[in-house]
Amino acid sequence: MSDNDTSKIITQLRMLLQLTNTEAQIAQARQAQARTDAVRRELAENEKNSRTRALQIERVLRDVGGVPDVVSPLLGRLAAMVKTVVEQAEPLDGALLEDLSLEHQLFDRARYLKVLATSADMARVRTLAERLEVAHQATIDWLSTVLAEEALGGPTALRPTPLQAVAGTATRIVNSPARWSADGLNRAVATVKQTRSKAEDFADDVADRASDVADKAGDVTDAAREAVAAGRDASMRQAEKVARRDGNSNAAEAVHDSRKSSGQLSASELPIKGYDSMTITKAVAAIKKLSDPDDVRTIIAYEEAHKNRSGVVSASQTQLASIAKDVAGIG
């Protein structure tokens with residue numbers, strides 16, 4: 001084994017250590033964006049595993065004569081912090097693609113390290129490299145699935161931050177299909193704004209009336225909250241009905257999509273008949289039969305807006321992930 005071989009291995013181990021620290025920090029930051037407890041636990045486990053891999057890399061680095069510098073972990077954490085700040089100006093898919101790029105870099109460096117270790121006959125380094133390959137391939141598949149979910153319209157296993165949601169909305173408007181004329185888009189936006197304004201006015205009126213007769217402040221708050229929801233749902237349904245009656249299909253679809261994504265559809269509009277009266281077990285079984293991602297999205301939004309049963313939401317997300325894997329060709 002030449003000094004040059006050892007030098008190359010040490011260089012790759014140091015780069016892997018820095019990138020692994022970045023990976024761990026990102027996994028920690030992503031936990032706040034988890035849609036379900038199951039995803040949050042998975043991300044927490046990913047963070048733990050990343051930090052374990054960093055320690056393993058450090059030990060092997062020492063074994064081959066290298067000295068883990070104190071700067072690499074700091075650089076890794078700094079890179080993750082900078083990334084999480086910068087990505088707020090881009091949609092969620094952009095941030096996930098950058099995560100995927102990092103995992104590909106880790107995977108490719110692990111594969112290169114394996115070849116170097118094989119050539120230098122360093123069994124322990126090769127074993128480490130093989131373990132890193134397996135771990136990063138699994139993460140690549142997971143991120144590819146989340147991106148496929150996003151491409152299918154979501155919801156994804158990760159929620160966008162508020163700023164990412166704004167960025168994503170802006171991007172979708174800019175890239176609206178040609179069939180959306182400027183006038184049509186303006187009418188749709190105006191319709192949604194008008195219905196929201198009506199809902200707010202209705203809610204304010206109900207809240208004012210309730211405050212005169214309620215005995216407790218808590219009762220007023222609850223009544224106002226229910227009034228807001230009832231007024232919003234009713235006015236959105238009416239807006240869609242009027243738009244369809246007037247032949248304004250673009251505006252009608254915009255309002256319908258808004259109702260669907262916020263879980264405001266009525267039980268009769270859901271893709272699963274009798275869903276509202278189903279137990280968790282029956283609901284999960286029915287969801288597993290859905291093959292259209294739009295139907296799964298509709299159920300998730302409705303469930304989160306109403307009963308919000310974690311088992312049902314998790315099962316829906318799993319079904320959407322399964323569909324996404326099939327589309328993306330992930331085994």
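**Entry 1: two tyrosines.** I looked up Y275 and Y302 and found both buried (under 20% relative accessible area with a 1.4 Å probe, protein chains only). I am working on a predicted model, where local features need pLDDT of at least 70, side-chain atom pairs count only at pLDDT 80 or more, and totals for chains, interfaces and linings use all residues. Residues are numbered from 1 along each chain as its sequence is written, and side-chain values use heavy atoms, leaving out hydrogens and water.

**Entry 2: their rings.** I found one aromatic pair in the structure (ring centres of Phe, Tyr or Trp, its six-membered ring, within 6.5 Å). Y275 and Y302 form this pair, edge-to-face, at 6.2 Å centre to centre and 75° between the planes (edge-to-face means over 60 degrees). Y275 sits in the loop between α9 (249-261) and α10 (280-287) and Y302 in helix α11 (residues 293-305), so the pair ties together parts 27 residues apart in sequence.

**Entry 3: the cavity.** I searched the whole structure and got one cavity of 30 Å³ or more (points on a 1 Å grid over the protein atoms alone where a 1.4 Å probe fits but cannot get out). The volume, the space filled by probe spheres set on the points, is about 30 Å³ for the largest cavity. Its lining is Y275, D276, Y302, E303, H306, K307 and R309 (an atom within 4 Å of a point).

**Entry 4: the chain.** I noted 12 helices and zero strands (DSSP runs: H or I, at least four residues; E, at least two). Buried residues make up 44% of the 331 in the chain.

Technical notes: On a 1 Å grid over the protein atoms alone, a cavity is a set of points where a 1.4 Å probe fits but cannot get out, and a pocket is an open set with protein on both sides within 12 Å along at least five of seven lines; lining residues have an atom within 4 Å of a point. Buried means under 20% relative accessible area, exposed over 50%, partly exposed in between (1.4 Å probe, protein chains only). Rings of Phe, Tyr and Trp (its six-membered ring) pair if their centres lie within 6.5 Å; planes under 30 degrees apart count as stacked, over 60 as edge-to-face and the rest as tilted.
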